[in-house]
Every structure is written in structure tokens, then in C-alpha cells.
Amino acid sequence: QIISVVDSAFSAPPPSPEGTRVNRNSFENALVSYPVSTGPPVISADAKAFVSEMKASPLGEFSTTFLTALAANAQHESNLCPYNAGDRRDSVGGNGEYAINAVSCTDARGDYCSFGYWQLNVCSSTGAGQRFAEYYKIELTDKATLYKAIVDPAKQFEFMSVEMSKMFPELVYKEQMPGMSVGESARHMAQKIASEFERCSGCAGGHEYIARGNLAAEMIKNGTHYA
């Protein structure tokens, strides 16, 4: 088997009810099977520790506001589980040619395309998982090596520091956007990450776009960024 469980300081998420599972196969950095957030934002008990881990990584050069925005998206993507797997394929082949057989944080084994805190997609030619593989010079067909790397928190943090610097050079160092409070700034950044990097269902102005922004603002309000 390819998979080995990775030790983590963060709690694995509870299983989601089967009725809340959503097909994410067409999305680039896809959500795993968690219920869509429609109510008030609920901050994960692991969020503060997660922000602290980011601060101790190459991401630590970014503003705490931007890290909060990243944390909000990571919570929605993986529930802060570093080895989470999503965007499941029924078979390996076609648009799932590079899918990796793995066990998600809900203990479901299958062929998955998206991995890690931000669900980096290895199947899509424009997915962040393929850019991750290129960054670390790993062949997409070397699935065991790629899986080991893509669920490694340190490697995820390093890759995301490079990726975010390229995508959002105007945001990553800002603690506060002109004319906005810190909470509003975190909301804006979280929504930019959702719409331009994650590109999930509802991330382009829909429910997830709103929910991720609300969560980031709530994290600021509750001091998560002071981790």
C-alpha cells in the first residue's frame, strides 16, 4: 500500500453524513466531503495551533491577516487535517490518471486527486497539485513519492509560500487593506484565495466565497491570528 498515516498535532475531522457529500470532480483545488457552511462561522479548535505552525514555517514572513485568510480556506478545504484526501475518482484513468489511492481523514479509502490542507489537485493540468509536483521535481507517475510529499505539512507550507507570493504579491504582506478594518481585510483576502486559488464550487462569489470570508473575519475577532 502507498499510504501511511502521518502524525499530526491537529485533530482528524469527524466523518460527514453521507447525505452531505458533494461531487467535486470538476474543480481544481477541490473540497473534501464536508457539509457546506451556511450558518454562523465556527472556528476549528485547531485553528490557533495551525496559525502558529504557519508562523514557524516559510509562510511566517506573511502578515498575520493573510495567514488568517489562509487558515480560513484550509479549514473549509480539509478541516485542518494535513493528510486529507478529496475529489475522489471511481477509477484511475481519464481525468483521474494521476489519482492516488489513499485514506482520507474520514477513513475512507479510494482514488483521490486532491490532498493536504488546501486540497492541492494532482489530476488537473492546471491544478496546484501538479505545480507542487513540479516545484519538488516529482514525477506525477511516482505516486508513492508524490503522496509522501504532498501530505507533509512542512512541504505544503513551503510550496504555499511560493504559490501565494506569485498569486497575491499585493496582499501577502499587508496587515490591513486601505479603507478596511483588519477583519474586513481578512475577509477580502480569504475570498481572493477562495475565488482565484481554490476555485471550488461556490468560491466565485457563491456560498463558499461568503462563508470563507466570514470565517476569516470571525477568526480575527476571536484573536486566532495572535497564535
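I took a salt bridge to be a side-chain nitrogen of Lys or Arg within 4 Å of a carboxyl oxygen of Asp or Glu, and I applied this to what is a predicted model. By this rule I counted six salt bridges.

**Entry on arginine 131.** I looked up the partner of arginine 131 and found glutamate 163, with 2.4 Å between the closest N and O atoms. Arginine 131 belongs to helix H3 and glutamate 163 to helix H5, so this pair ties together parts that are 32 residues apart in sequence.

**Entry on lysine 155.** I noted a salt bridge between lysine 155 and aspartate 152, where the closest N and O atoms are 4.0 Å apart. Lysine 155 has a relative accessibility of 30% and therefore counts as partly exposed, and aspartate 152 is partly exposed as well, with a relative accessible area of 25%.

**Entry on helix H7.** I found the side chains of glutamate 208 and arginine 212 meeting in a salt bridge at 2.9 Å, N to O. Both residues lie in helix H7, four residues apart, which is about one turn of the helix. I recalled that an α-helix has 3.6 residues a turn, so residues three or four places apart point the same way. Glutamate 208 is buried, its relative accessible area being 2%, and arginine 212 counts as buried at 0% relative accessibility.

**Entry on helix H6.** I asked myself which residues of H6 are buried. I listed Gly183, Ser185, Ala186, Met189, Ala190, Gln191, Ile193, Ala194, Phe197 and Glu198. I then looked for what covers these buried residues, and I found that the cover includes helix H2 (64-78), strand E4 (120-121), helix H3 (128-135), helix H5 (153-167) and helix H7 (207-221). Helices H3 and H5, which hold arginine 131 and glutamate 163 respectively, are thus among the elements that I noted over the buried residues of H6.

I also checked the length of H6, which runs over residues 182-198: at 1.5 Å a residue its 17 residues should span 24 Å, and the 22 Å between its end C-alpha atoms agrees with this. Last, I looked at what comes after the helix, and I noted that H6 is followed by arginine 199, whose phi is positive, near 50 degrees.

Note on methods
Residues are numbered from 1 along each chain as its sequence is written. This is a predicted model: local features need pLDDT of at least 70, side-chain atom pairs count only at pLDDT 80 or more; totals for chains, interfaces and linings use all residues. Side-chain values use heavy atoms; hydrogens and water are left out. Helices (H or I, at least four residues) and strands (E, at least two) are DSSP runs, numbered from the N terminus. The expected span of a helix is 1.5 Å times one less than its number of residues. Buried means under 20% relative accessible area, exposed over 50%, partly exposed in between (1.4 Å probe, protein chains only). Contact means heavy atoms within 4.5 Å.
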